[in-house]
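Please read the following note alongside the sequence and the model.

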Amino acid sequence: MSDPKRMNRAELTKLLVAKLTREEAVIAGIGNSNFDLYAAGHRPQNFYMLGSMGLACPIALGVAMAQPERGVVALEGDGSLLMSLGCLSTIASVAPRNLTIVVWDNGVYQITGKQKTATASVSDIVAVARGAGIAQSHWVADEADFDRRLDRRFDAGGPLLLGVKIDDRPGTAQTPRDPSLIRNRFMKGLGTGRAGALDA
Ligand SMILES: Cc1ncc(C[n+]2csc(CCOP(=O)(O)OP(=O)(O)O)c2C)c(N)n1
């Protein structure tokens, strides 16, 4: 890998959300990924994972398969993705054209005390994704590169994985810790769910 610039997750999340014009689903991993998604402005198509690491990509894959006409974006921290690398091979096998993955790589498990992850030393998460079979896996060079790479429709051309080296500024807001509310809003936002079951 050449040496990509360290960027800021909150700023890039805002930039990404501003590009969503077709009710794309966004699934953000636990902690900072979903704090910054929430800070960018709640949308009914946002899902904020709570509690368990490594599930943004698997959930996004499920949504992408269930609603193939909808663009789906997964936002996940490097530590969380390292916990569930097998999902990259599954995504490569299924090859959903409507799935985009952004990996926020700060090289640490920031929210639990900045313990170093393997990406700080030995592991290149984009190379791992490419090796898993996601051919369109790229490191983002800088903000303009991020902007350019996301200047596209999200319901076609995937799967695409972007690795972004970020600084260690913490997330800028706190997602409400209410799993039922998050689930019900998301199901409504995706136009799904049993009638009457989604009263939140
Ligand atoms: C399965 C599981 N293991 C451990 C934890 C504890 N934990 C919560 S967040 C976190 C760090 C997440 O790191 P990363 O995904 O890189 O995001 P960052 O905090 O750096 O933004 C850890 C270890 C957890 N919530 N779930």
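This is a predicted model: local features need pLDDT of at least 70, side-chain atom pairs count only at pLDDT 80 or more; totals for chains, interfaces and linings use all residues.

**Note on the ligand site and the aromatic pairs**

1. In the side chain of Asn-32, an N or O atom lies 2.9 Å from an oxygen atom of the ligand.

2. The side chain of Ser-80 has an N or O atom 2.6 Å from an oxygen atom of the ligand. At Val-108 the backbone takes part: one of its N or O atoms is 2.8 Å from a ligand oxygen atom. Taken alone, the ligand exposes 590 Å², and the protein buries 76% of that area.

3. Two elements give two or more residues to the shell around the ligand, namely helix H4 (78-82) and strand S5 (108-109). Helix H4 provides the largest share, three residues.

4. There are 16 residues around the ligand, and those that come nearest are Asn-32, Gly-51, Gly-79, Ser-80 and Val-108. Sorted by class, the shell consists of eight polar, six nonpolar and two charged residues.

5. The structure also contains three aromatic pairs. In one of them, the ring centres of Tyr-38 and Tyr-48 are 5.7 Å apart and the ring planes stand at 85°, so the pair is edge-to-face; planes over 60 degrees apart count as such. Because Tyr-38 belongs to helix H2 (residues 32-39) and Tyr-48 to strand S2 (residues 46-48), the pair ties together parts that are ten residues apart in sequence.

Definitions and conventions:
Residues are numbered from 1 along each chain as its sequence is written. Side-chain values use heavy atoms; hydrogens and water are left out. A residue is near a molecule or strand if one of its heavy atoms lies within 4 Å of it. A polar contact is a pair of N or O atoms within 3.5 Å; within protein, one must be able to donate a hydrogen and the other to accept it, and residues adjacent in sequence count only if both atoms are side-chain atoms. Accessible areas come from the Shrake-Rupley method with a 1.4 Å probe; for residues, only the protein chains shown count as cover. Helices (H or I, at least four residues) and strands (E, at least two) are DSSP runs, numbered from the N terminus. Ala, Val, Leu, Ile, Met, Phe, Trp, Tyr, Cys and Pro count as nonpolar, Asp, Glu, Lys and Arg as charged, and the others, Gly among them, as polar. Rings of Phe, Tyr and Trp (its six-membered ring) pair if their centres lie within 6.5 Å; planes under 30 degrees apart count as stacked, over 60 as edge-to-face and the rest as tilted.
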